[in-house]
Amino acid sequence: LYCGGSSCNRCKDGEVKKVYYNCGGATAALHGEHLLSKNKKTTVIICEGELDLISLWQMGFRENIVTGTAGAGTFKDEWLDALEPYRDFVIVYDDDEAGNVGASRLSKKLGKYRCGRADLRPYKDPNDYLMNNVPPEEMAVVFDNASPMMDARLKRVDDYTQELEELINNPLSLKGRSTGNYDIDDAMGGWRPGLVIFTGDTASGKTTLTTWLAHEQAKQNVGVMLTSYEQRPIGTVQKLMRLECGDFTRKTHSERQSAYARLSNMPLYILDHYGEMDFEKLVEVIKYAVRRLDVQWFLVDHLGFLLNPDAKDERRDIEAKIRELAVLSVNEGVTIVLICHPNNLSVAHQRRVKLTDCKGASAIRQDAHIGVVVERVDYGPDKPVKYPASRLHFDKVRSEFGRQGSEVVLFFDLDWCSYVDNFDATPTYIANEQSESKFL
């Protein structure tokens, strides 16, 4: 404590400020972490300070009570890992500016949908409850009655008038984030929160194309997460390495190390899981990646690995999952790119794949925001398209800035796994400056 007289700035309104000292080189601890229950399906009480935790202990709360060690504004990210597995949380912070800001930040990290805020009135904190001899049963009722911190409010139309006027005055705010390619931006209006379906024949390049799109987002410092159900995650890493430096098997060790470093410095995450995955687990991973890693763009490859093999009605199972992903993408404000495989009708009818050829097509038509069909172009020296290319059909576009029914042709660089508008703009062509015939 300090008292430096009238010129001292440590006191405010007659109250002596507390000053904290950190031990040099010491790791800041989550106070009470040893009190966490082995049963993860329980509620954890998060206090604002050590005295609050000690007070709760004195009142008989001996489990699942923790606190940071420097007030409401300093809850460290490394402490979150210990709390992540638990079902839900009650945040017991003071009802003041610091407490409100701290509680809001912490709830976003933990997930607002599983956080409640304890209303401590008429007292300030658990220490006041203890000093005023409030029975522990009343403290327990305060925790049980914690108000949900999830943003779910009912409004009237006039609550939206200002937002509507802003949209009228600035219509470009509706336009999505650039995909990295002008023609694709023009066709679908850029990336916006929502569910985007990619489909196409086997070996049409769906995974390679969407991985390239993911890499383009990561280069713009947009958080990206990729799944790799159909191939081991190392296969995804190989594609990313080609996107970063071309045929990495021909690069020197130093060149590969530089490419590894560039990729690792991007906000790019790979879900380390191969094969079938429980759908609810994927939803949890997406929510975790949004709030803890600020991921805004997800690639799910592909829907077949998320289906329930014991489902009595596969069509309804597909439609339910597509609908849930569509709702999730909007609620979380992120883009979810989902690869779906078509049936064999296009082969039987000798035509290109359409969005309606996907299983669960009715849900795709109704719930997906964008639907893209990838078609591999037949190319050769005696054909209209002379080099490797893919044609993208935008069968569904729910955007004022897109053009439903439009097509985009992109040329493909085999070594770099990348796409460009003109073949002479491919990295291989530019790097080698050789004749066109070499690349056929």
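Predicted model: local features only at pLDDT ≥ 70, side-chain atom pairs only at ≥ 80, totals over all residues.
A residue counts as buried when its relative accessible area is under 20%, and as exposed when that value is over 50%.

What does β11 pair with? Strand β9 (residues 223-226) runs parallel to β11 and is joined to it by four bridges, with G223 standing opposite V295. Strand β12 (residues 335-339) also pairs with β11 in the parallel sense, over five bridges, and here V300 stands opposite L338. To get from β11 to β12, the chain passes through helix α12 (residues 314-332), making a right-handed β-α-β crossover.

Now let us turn to another sheet. Five strands form an open sheet in the order β4-β3-β5-β6-β7, with mixed pairing. At its edges are β4 (65-67) and β7 (147-148), each pairing on one side only. Strand β3 (residues 43-47) runs parallel to β4, joined by three bridges, and I45 has I65 of β4 as its bridge partner. Helix α1 (residues 50-58) packs on this sheet, where it touches both β3 and β4, and its direction makes about 165° with that of β4.

Is T179 buried or exposed? Its relative accessibility is 0%, so T179 counts as buried.

Finally, consider the charged side chains. Side chains of opposite charge can pair when their charged atoms come close. The count here comes to 25 salt bridges. In one of them, R403 and D186 have their closest N and O atoms 2.8 Å apart. Because R403 sits in the loop between β14 (389-397) and β15 (407-413) while D186 belongs to helix α7, the pair ties together parts 217 residues apart in sequence. E400 forms a salt bridge with R192, at 3.7 Å between the closest N and O atoms. This pair also links distant parts of the chain, with E400 in the loop between β14 and β15 and R192 in the loop between α7 and β8 (194-200). E400 is exposed at 60% relative accessibility, whereas R192 is partly exposed at 25%.

Technical notes:
Residues numbered from 1 in each chain as written. Heavy atoms only, no water. Pairing = 2+ DSSP bridges. Helix = DSSP H or I, 4+ residues; strand = E, 2+ residues; numbered from the N terminus. Right-handed = clockwise from strand over helix to strand, strands pointing away. Buried < 20%, exposed > 50% of the residue type's maximum accessible area, 1.4 Å probe, protein only. Contact = heavy atoms within 4.5 Å. Axes fitted to C-alpha atoms, helices over the stretch in contact; angles between N-to-C directions. Salt bridge = Lys/Arg side-chain N within 4 Å of Asp/Glu carboxyl O.
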